[in-house]
Amino acid sequence: MNPVRNRIDNDIVLIVDDVPENLSLLHDALDEAGYTVLVATHGEAALARARQSLPDIVLLDAMMPGMDGFEVARRLKADFVTQHIPIVFMTGLTETEHLVAAFAAGGADYVTKPIRPAEVLARIAAHLQSARHMRQARSALDAFGQGTVAIHGASGRITWQTALARALLAEWFPEAAGGTPARLLAWAENAERARRTGEEAPQRVHAEGPRRLLATFHDRAAEEGADEWLIVLREENDASAIEALVAAFRLTAREAEVLYWVIRGKTNRDIGDILGTSPRTVHKHLEHVFDKLGVETRTAAASMAMGKLRGAAGET
């Protein structure tokens, strides 16, 4: 028995090649290894089959008559339904410009012709394992209601997003019509630049009245060499934040308002102007806040309150 047969169950590989001998060689090797194999002999069939069957990986011949592999790859990556599928190019072209074109079109890897089945199997296994881990991680983010979006750094294209991220982007940037909003892309570029220079990255993407759309890079997505930005979105609202502070610390509505503006870095005079009261009254409210939180300074109160607000945002 082939030792890899039990390792791979139900992984689907789509082979796209116009040469019957290549299809036969790869089909037999992949079938023996336990994969489910689909084939297409031209670009239009490849696009239709990929969209219908959603293979786990595509083996794509770079040079085909009519629509070549580079165009097939670009169309797969431009389609939200298929853009997550890894593409491994098969090519006899090893010149730098052809390899650059393969990666620019969305390829994850390439193998050279004549095809060596053992090499193809090794490449497929590596990319499927990586893709599987990514699917599991992204499914977990979606299940926990994270507003997470992945943007390909080079092209600026959205490659994946959770349901909450899709809803947030549709609400805040309807003009983008499902594409990457210009403001979000500008935020990502600025945040990446700040990360590289050791500066504090901005969080605000856009603001509208008392509402703000904030973003941060997720874990390792912004590390050196990453090919996509994984961005966590969240909406901040003055009213909802004040309600959260009331619930968290059993404050009165006015005490929560005072604490909220302390978090925002406002002085007692500033807060008095915002709330239409005197700085002395603000000071009295703040004394009650300190008692209820068990702290003695504005900094300690702000730190505790920000921790609660972050926790509440993570639970929504």
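I started at leucine 184 and found it in helix α7, residues 182-197. Helices here are DSSP runs of H or I with at least four residues, strands are E runs of at least two, and both are numbered from the N terminus.

The model is predicted: local features need pLDDT of at least 70, side-chain atom pairs count only at pLDDT 80 or more, and totals for chains, interfaces and linings use all residues. Residues are numbered from 1 along each chain as its sequence is written, and side-chain values use heavy atoms, with hydrogens and water left out.

Next I looked up burial. Leucine 184 has a relative accessible area of 0%, so it is buried (under 20%; exposed is over 50%, partly exposed in between; 1.4 Å probe, protein chains only). I then listed its contacts (heavy atoms within 4.5 Å). Beyond neighbours within four places in sequence, leucine 184 meets Val149, Ile151, Leu169, Val205 and Leu233. I also checked arginine 204, 20 residues from leucine 184 along the chain: their C-alpha atoms are 9.6 Å apart.

Second stop: aspartate 61. I placed it in strand β3, residues 57-61. Its relative accessible area is 3%, so aspartate 61 is buried too. Setting aside residues up to four places away in sequence, aspartate 61 touches Val16, Asp17, Asp18, Gly69, Met90 and Lys113. An unreviewed UniProt entry lists Asp61 for "modified residue: 4-aspartylphosphate". UniProt positions follow the numbering used here, feature names are shortened, and annotations may be inferred rather than shown by experiment.

Last, the whole chain. I noted 12 helices and 10 strands. Of its 316 residues, 42% count as buried. Among contacts between residues at least 6 apart in sequence, 55% join residues at least 24 apart.
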